[in-house]
Amino acid sequence: MQSIIFLILVALASSIEYAKAVEIEFVISGRELPNMDIFKGAPDPFIKIFYAEEKDERFAIIGETERLVNTNNPDWGDVINMVYREGANQRVRLEVWDEDVDQVNDYMGLVELTLEELVVTRSIIEREIEKCNFAVCGKLRITPKENKNNTSDMDPRFIHPKNIINYRTSLTKFS
C-alpha cells in the first residue's frame, strides 16, 4: 500500500508544470537629483533595495548600493542579479537616500517596479522619483544588462526568496 501511494506521489510531482525562471541583471543610475546638503550642496546618494513577492506582502530590505559623494547624477556600479519567475508578482522598491555623516540620512523618494517589467521591456526604464518633498525629485534609470548565463530552464522549486538576489561589487547584502 505504501509503495502504491509513493508511486502516485511521484507521478503527481513529475506532472506538475513549473513556471520558467530567468536570471536578470540590472544597474541603477540617477538623474537630476535635488541638492540636499548644507548650503544646498549635491547629495551623497545611495539606494536601499526592497523586495516583495506577493501583492499583499510587505517589502523587506535586501540590500543597499554603495554611497556616492557629491553628485546629482549618480551611476552606481553595482550589478544587481535577481531571478524572475514567470507568473510571480515580484516587486522591487528602490528608495533614494542622501547620506549625512553627522546627522540622520535624508530620504529623497522612491521608485517601484516589477521584475516582469525588466524582462518584458528589455530596455532602460526611466521613472520619476515619487513621494519626495521637493518640487523636482529627479529620476532613476534601471538598465538591464545582457546576462550571458541565462538560466531559463531553472527549476523554481529550488529558488528560496532569500536566494533570489545576489550582488557583485560593493553592494551591501542583508540576510
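G30 counts as buried because its relative accessibility is 0%, where buried means under 20% relative accessible area, exposed over 50% and partly exposed in between (1.4 Å probe, protein chains only). The structure is a predicted model in which local features need pLDDT of at least 70 and side-chain atom pairs count only at pLDDT 80 or more, whereas totals for chains, interfaces and linings use all residues. Residues are numbered from 1 along each chain as its sequence is written, and side-chain values use heavy atoms, with hydrogens and water left out.

G30 belongs to strand 1; helices (H or I, at least four residues) and strands (E, at least two) are DSSP runs, numbered from the N terminus. When neighbours within four places in sequence are set aside, the residues in contact with G30 are N72, N73, P74, W76, K139 and L140, contact being defined as heavy atoms within 4.5 Å.

The protein chain contains 2 helices and 10 strands, arranged along the sequence as α-β-β-β-β-β-β-α-β-β-β-β. Of its 175 residues, 43% count as buried. Among contacts between residues at least 6 apart in sequence, 67% join residues at least 24 apart. The chain exposes about 10,500 Å², of which carbon and sulfur atoms supply 52%; accessible areas come from the Shrake-Rupley method with a 1.4 Å probe, and for residues only the protein chains shown count as cover.

In soluble globular proteins, nonpolar side chains tend to be buried together. The largest nonpolar core in the model has 29 residues, and those with the most contacts inside it are I28, I47, M82, L94, L118, L140 and I142. At least two residues of this core come from each of strand 1 (21-31), strand 2 (45-52), strand 4 (79-85), strand 5 (91-98), strand 6 (106-114), helix 2 (115-121) and strand 8 (139-145). Strand 1 gives the most, with 4 residues. A nonpolar core is here a set of buried Ala, Val, Leu, Ile, Met, Phe, Trp, Tyr and Cys residues joined through side-chain atoms within 4.5 Å. Beyond its neighbours within four places in sequence, L94 is in contact with I28, I47, K48, I49, G109, L110, V111, L113, L140 and I142.

N81, in strand 4, is buried, with a relative accessible area of 5%. Its side chain makes a polar contact of 2.4 Å with the side chain of E23 and another, of 3.3 Å, with that of E25. A polar contact is a pair of N or O atoms within 3.5 Å; within protein, one must be able to donate a hydrogen and the other to accept it, and residues adjacent in sequence count only if both atoms are side-chain atoms.

The structure holds 1 disulfide, a term applied to a pair of cysteine sulfur atoms within 2.5 Å. The disulfide is formed by C132 and C137, with sulfur atoms 1.5 Å apart, and both cysteines are buried.

There is 1 aromatic pair. The rings of W97 and Y107 have centres 5.4 Å apart and planes at 75°, so the pair is edge-to-face. Rings of Phe, Tyr and Trp (its six-membered ring) pair if their centres lie within 6.5 Å; planes under 30 degrees apart count as stacked, over 60 as edge-to-face and the rest as tilted. The pair links distant parts of the chain, W97 in strand 5 and Y107 in strand 6, 10 residues apart. W97 counts as buried at 16% relative accessibility, whereas Y107, at 27%, counts as partly exposed.
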